[in-house]
Amino acid sequence: MKHVSVFIFIALVMLLLGFANAAEPTASGELSSSDFSESDRCTECHGITYSQWDDTMHANAYIDPFYLKEFDAASNDTDGLVDSFCSRCHTPIGVVSGEIPPADGSHLSEIAKEGVNCDFCHTVSASNGTGNAPFIVTPGDVKWGPFKDSESAFHESEYLELETRAEFCGMCHEVSHPVNGLLIDDTYPAWKNSTYAEEDVTCQDCHMTPGITEFEANPGRSASGAPRRDHISLHRIVGGNAFMTEILNADNEKEMAIERLEQAATLNMDSPEIANRSENVTVQVSITNSGAGHNIPTGVSEIRQIWLEVKVTDGEGREIYNAGATDTRGEIVSAHTVYNNVLGDAQGDATLSFWLADRVLSDNRIGPKETVTEEHTFLLPEDAEYPLTVDATLKYRSAPQELIDHLFGEGVHEVPVIDMKEVSAVIYDPATPPEERVPPESTPGFGVLATVVVLLIVYLFKNR
Ligand code: HEC
Ligand code: HEC
Ligand code: HEC
Ligand code: HEC
Ligand code: HEC
């Protein structure tokens, strides 16, 4: 009897494993693009959601000119080996419908060019884990979503817990090299190992609500005629890309990317209050990744650049020290550190072509909640005028200028440098008594101006 139950137990386990194995990711060419509905179809009822998604990097994931250039290079370098691989995330419908290959996109339907679109995300019915796009997609009448009680005249609705979890994003926001397994994009794994995962602060909480660094409810209706709900997710999903959004004329997304970058980190400066001429002065600047649930930078972080520009000027406005300015060719000059990771190819040489990488040469990205400190030392010249001002600015750039010049041609696109955060300090003449050590101010502060304006308006109204 005992043996029988053990036997049944084993059989059940095997059956369950069999089912798990049956959940294979949707294969290339298994479906047809006509199985999917174009996003235009959803506008009729989900107009607001559509206007949020349209113009995002998801909607542009295939037509993104930077992607297309890199895809072309990758396809050439590997004799087409990576064609389906890259495309599975950048045009998922193109791959499951067998429209890619060919790599030149000549067989792609309009809907496949919509990149990561409405009907793709909402017909994902399951996933075989995270990384390298192991999605199972079941296009048709049913739209899967976060609601358990949703009703629509156009389609069936089904609740999918996966959709509300970071693992949904982790299907694509985790990339490993298809041949050697090197982890190239670790956004999801870095989140998974952070306190954000422990506290259940998901990608959706920061990227699909007005909160930016935490969940913030957005009450409303998700479709015309639908019931009012406590929270409707925002589909204007942005990261730090203020470069391609600019080229694609996605002005809202560019602004939102800048706003997001401004909230990702905090700066702190430790600088002496006084210093003598002809002596070395040391200031420390620390950077904390206080707002992102993953490393900064993340994603294609070997291409992204974060660095500090530290500048010291004297009382006459003369520059005494500079680390991290960009020169006329867009190169970063003598920065203390460029925060990103450097990948190496089979010869051990640094490469930005991540499809050729098989090792990590260095990694100094700033982890979630992590603080790093830079030390800057400069000699205070004999003739420096007091007081001195130390300014530190945290900068972000989507790609090195050199790479963009190489791909698009010199002088075609200037990669914008975004100021994420600023901090400053003043260093005084040791001879200045402490009570006279006040920061130099040439113009009245904004607070003073605002008060004057308000008083003036009140005065004008009273005398009408
Ligand atoms: C990158 C994948 C993705 C794309 C593209 C996408 N959605 Fe969503 N959508 C989600 C996720 C994830 C949620 C649930 C988020 C949560 O509740 O945590 C969601 C929620 C919804 C909901 C439920 C109501 C709400 O807003 O919370 C509707 C309706 C919806 N999406 C419609 C659309 C339409 C229409 C489009 C295209 C214009 C679209 N989605 C594009 C991922 C996506
Ligand atoms: C005829 C109007 C109509 C059209 C067209 C339409 N929807 Fe909906 N949809 C609704 C309504 C109404 C709801 C219910 C919303 C609610 O319960 O808050 C809904 C709900 C949803 C949900 C939430 C499902 C859940 O269980 O969480 C998703 C996802 C969704 N729609 C996706 C889409 C997509 C993708 C398209 C385009 C292919 C689309 N819808 C087209 C009316 C429509
Ligand atoms: C605590 C809030 C928070 C959470 C959780 C979070 N993010 Fe972010 N994310 C940010 C902020 C802030 C930025 C801007 C900093 C940056 O671009 O490096 C950002 C940037 C990004 C970028 C652009 C990266 C770059 O440097 O170019 C991507 C992609 C991204 N997030 C995806 C995700 C995914 C996927 C998840 C879940 C696995 C997630 N985020 C979880 C706040 C968050
Ligand atoms: C089907 C794959 C796929 C899924 C699922 C997916 N993404 Fe993306 N996502 C992409 C691709 C591809 C890009 C980059 C497009 C480009 O820049 O060309 C991207 C871009 C982004 C960006 C913009 C990055 C930047 O540098 O500005 C953010 C933020 C982001 N995704 C967050 C999310 C979140 C949050 C989820 C889950 C709700 C999610 N994604 C689900 C494939 C996906
Ligand atoms: C498993 C999914 C996945 C695969 C496979 C993938 N990508 Fe991406 N790709 C992404 C995501 C997610 C982002 C957004 C990350 C970010 O913004 O930093 C992205 C961003 C990019 C970007 C930056 C675009 C921009 O506008 O800044 C380029 C370029 C790119 N991918 C090229 C490729 C190439 C070439 C391949 C194949 C060798 C490839 N990707 C394979 C998911 C993927």
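This report describes the surroundings of two ligands in a predicted model. Local features need pLDDT of at least 70 and side-chain atom pairs count only at pLDDT 80 or more, while totals for chains, interfaces and linings use all residues. Residues are numbered from 1 along each chain as its sequence is written, and side-chain values use heavy atoms, with hydrogens and water left out.

**The iron site**

The iron atom of ligand 2 is coordinated by H46 (NE2) and H155 (NE2) at 2.0 to 2.1 Å, where donors are N, O and S atoms within 2.8 Å of the metal (3.2 Å for Na, K and Ca). H46 lies in the loop between α2 (40–43) and α3 (47–53) and H155 in the loop between β3 (142–145) and β4 (156–159), so the pair ties together parts that are 109 residues apart in sequence; helices (H or I, at least four residues) and strands (E, at least two) are DSSP runs, numbered from the N terminus. H46 counts as partly exposed at 26% relative accessibility, whereas H155 counts as buried at 15%, given that buried means under 20% relative accessible area, exposed over 50%, and partly exposed in between (1.4 Å probe, protein chains only).

**The shell around ligand 1**

Ligand 1 is surrounded by 22 residues, of which the closest are C118, C121, H122, S233 and H235, a residue being near if one of its heavy atoms lies within 4 Å. Polar contacts, which are pairs of N or O atoms within 3.5 Å, include the following.

| Side chain | Atom of ligand 1 | Distance |
|---|---|---|
| H122 | nitrogen | 2.7 Å |
| S233 | oxygen | 2.7 Å |
| H235 | nitrogen | 2.9 Å |

The elements that give two or more residues to this shell are α3 and α7 (118–123).

Technical notes:
Chains lettered and ligands numbered in written order. Polar contact = N/O pair within 3.5 Å; in protein donor to acceptor, adjacent residues only side chain to side chain.
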